[in-house]
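Look at the sequence and the model below. The report then describes a strand pairing, a helix contact and a salt bridge.

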Amino acid sequence: MEQINITSLHLDSPIDYSEFLAISHSGSQSRESKKDLGQFFTPKDLAIFMASIADVDIEKNSIRILDPGCGTLILASSLVEKLVSENVNIEEIIVDAYEIDTFLESDIAWLGEKLTLWGRERNINIIINHFKEDFILANRDYNIPIKNYDYIISNPPYFKIGKEDERLGVFNKPLKGQQNIYSLFMLLSSFLLNQGGQLIYLVPRSFTSGSYYQSFREQFLNNVSIKFIHLFSSRVAGFKKDNVLQENIIVKAINKNDSLDDLIQISQSNGLDDLNHNCLNVFREADLIRDLGSLLAIHVPVNSHEQTSIQLFYQWHDNLQTLGYKVSTGPVVPFRSREHLKEDTSCEYSCVPLFWMHNCRKMELTWPLKKRNKQEWIIDNLESKSKLVNNENFVILRRFSSKEEKAKIVAVPHLRDRFQYDKVGIENHLNYLYKIDGELTEFEVYGLSVLYNSSIFDSYFRSLNGNTQVNAKELNSIPMPSVEIIIRIGQEYLDSHNQCSNDLQRIELIDNIVNDIFVTQN
């Protein structure tokens with residue numbers, strides 16, 4: 001980092017000093033270095049917004065704050081300024097700040113002095129304790145708390161951690177699935193709140209659903225009650241300078257024992273520019289935090305369509321399992337199956353069709369369809385047996401929503417009679433839905449495909465899932481209507497779809513059928 005004469009700076013507040021140093025440090029670090037540390041500095045406007053949602057107890061004269069990944073102290077500084085501006089009775093603020101980036105050590109010390117001086121000018125004793133150690137490992141004895149906090153505010157690091165990482169062993173109950181360091185920060189912080197304590201975190205939305213974070217959600221929600229969620233609908237607007245592609249949310253939670261009501265506020269903005277123009281809605285906790293059988297999920301609805309879809313879906317009492325259906329992931333992983341994938345059938349082995357994501361559009365399986373490095377065939381022999389599925393009636397579902405697709409879910413009906421093969425290959429970026437015992441009827445195949453492709457299903461899934469990935473376990477857990485209604489949807493579509501001459505008409509027909517059956521009748 002270039003030497004900056006920070007002592008000569010004359011800025012208005014501690015927040016301004018923090019922002020200046022964050023910009024300087026971030027500009028001097030390589031993208032690889034930031035990735036290794038999981039380090040993305042919080043923009044000033046965002047730090048101020050996060051501090052603004054903290055509730056202030058105007059009777060409290062001594063306050064303890066924790067910033068477990070402090071960077072240049074911009075979040076702690078923002079919160080300190082917020083508290084001082086609203087509570088004239090404050091006499092002391094203690095900030096415990098953790099940061100392992102050694103390049104920031106002198107900056108944090110200087111910023112601490114600046115905050116202390118700023119507080120002294122206002123007759124407030126501000127103490128900054130900088131811990132140059134890993135936050136998780138340093139607090140492994142959280143069950144014997146020495147310090148409990150009034151506020152914990154953080155934009156934690158973000159990177160996946162391996163199953164052998166010693167930080168996973170800090171917690172009494174095991175965390176299953178692929179964890180990210182940010183979820184460990186959140187969980188540990190939830191143990192460190194005192195009575196009346198508040199937790200404010202900027203994190204990826206990924207923790208709200210899916211099997212990877214199931215054990216995390218169970219423990220986290222056992223410790224705290226979520227009171228506020230702000231969703232950034234743009235994946236890039238929050239951290240433009242660092243080119244971060246992530247759907248982020250701000251979560252405010254309080255100690256579980258302090259919750260006096262079951263209400264959750266939700267707001268939304270595209271990014272930072274419209275933070276002050278967000279729309280605020282209030283929901284009951286029971287309407288947003290749902291037990292989907294094998295999954296505990298947190299819905300984040302941001303418009304009336306998503307609210308309506310949630311209300312509709314929870315009138316249904318079945319799921320795929322109770323209906324006798326199941327979603328599995330395509331077993332063909334290309335880099336592990338190279339010797340079995342073929343461009344054509346001229347080889348000496350018997351081959352069967354291989355379906356990829358590019359073959360699948362709403363209600364349409366286009367095969368063959370040539371694409372570079374996407375072989376259209378897979379060998380059918382004893383060695384490849386485990387990679388193939390029986391050619392039967394099923395529904396193909398994309399596992400990932402592509403940049404070109406506005407819909408989160410793309411469903412494609414597949415009828416076995418179209419292909420004169422006993423087996424087919426399904427690439428790993430696809431899921432497929434089939435009947436556990438027996439075979440789906442044509443009406444079931446089309447009924448399920450229409451339902452998944454409908455706007456009402458897309459709205460529900462958006463409230464549940466902020467990822468680009470469509471998880472099979474989530475699909476298996478989502479509420480579903482009865483088989484009779486699914487068959488009726490399929491019949492109505494097959495009776496009318498020949499009148500559609502293009503994709504727009506087909507999509508309009510899908511929504512008309514589903515809305516007539518569900519929305520109009522409700």
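## A mixed sheet

L354 stands opposite G425 in β21. The model is predicted, so local features need pLDDT of at least 70 and side-chain atom pairs count only at pLDDT 80 or more, while totals for chains, interfaces and linings use all residues. Residues are numbered from 1 along each chain as its sequence is written, and side-chain values use heavy atoms, with hydrogens and water left out.

Strand β14 (residues 351-355) and strand β21 (residues 423-426) run parallel and are joined by 2 bridges. Strands here are DSSP runs of E with at least two residues, helices are runs of H or I with at least four, and both are numbered from the N terminus. Two strands pair if DSSP finds at least two bridges between them. The open sheet has 5 strands in the order β13-β17-β14-β21-β18, with mixed pairing. Its edge strands, β13 (341-342) and β18 (388-390), each pair on one side only.

## Two packed helices

Helix α3 (residues 44-52) packs against helix α4 (residues 74-86) at an angle of about 50 degrees, and their axes are 8 Å apart. Axes are lines fitted to C-alpha atoms, for helices over the stretch in contact, and angles run from 0 to 180 degrees between N-to-C directions.

In α3, K44, A47, I48, M50, A51 and S52 meet I74, L75, S78, L79 and K82 in α4; contact means heavy atoms within 4.5 Å.

## A salt bridge

The side chains of E166 and R140 form a salt bridge (3.8 Å, N to O). E166 is in the loop between β4 (149-154) and α7 (181-191), and R140 is in the loop between α6 (135-138) and β4, 26 residues apart. A salt bridge is a side-chain nitrogen of Lys or Arg within 4 Å of a carboxyl oxygen of Asp or Glu. By this rule the count is 23 salt bridges.
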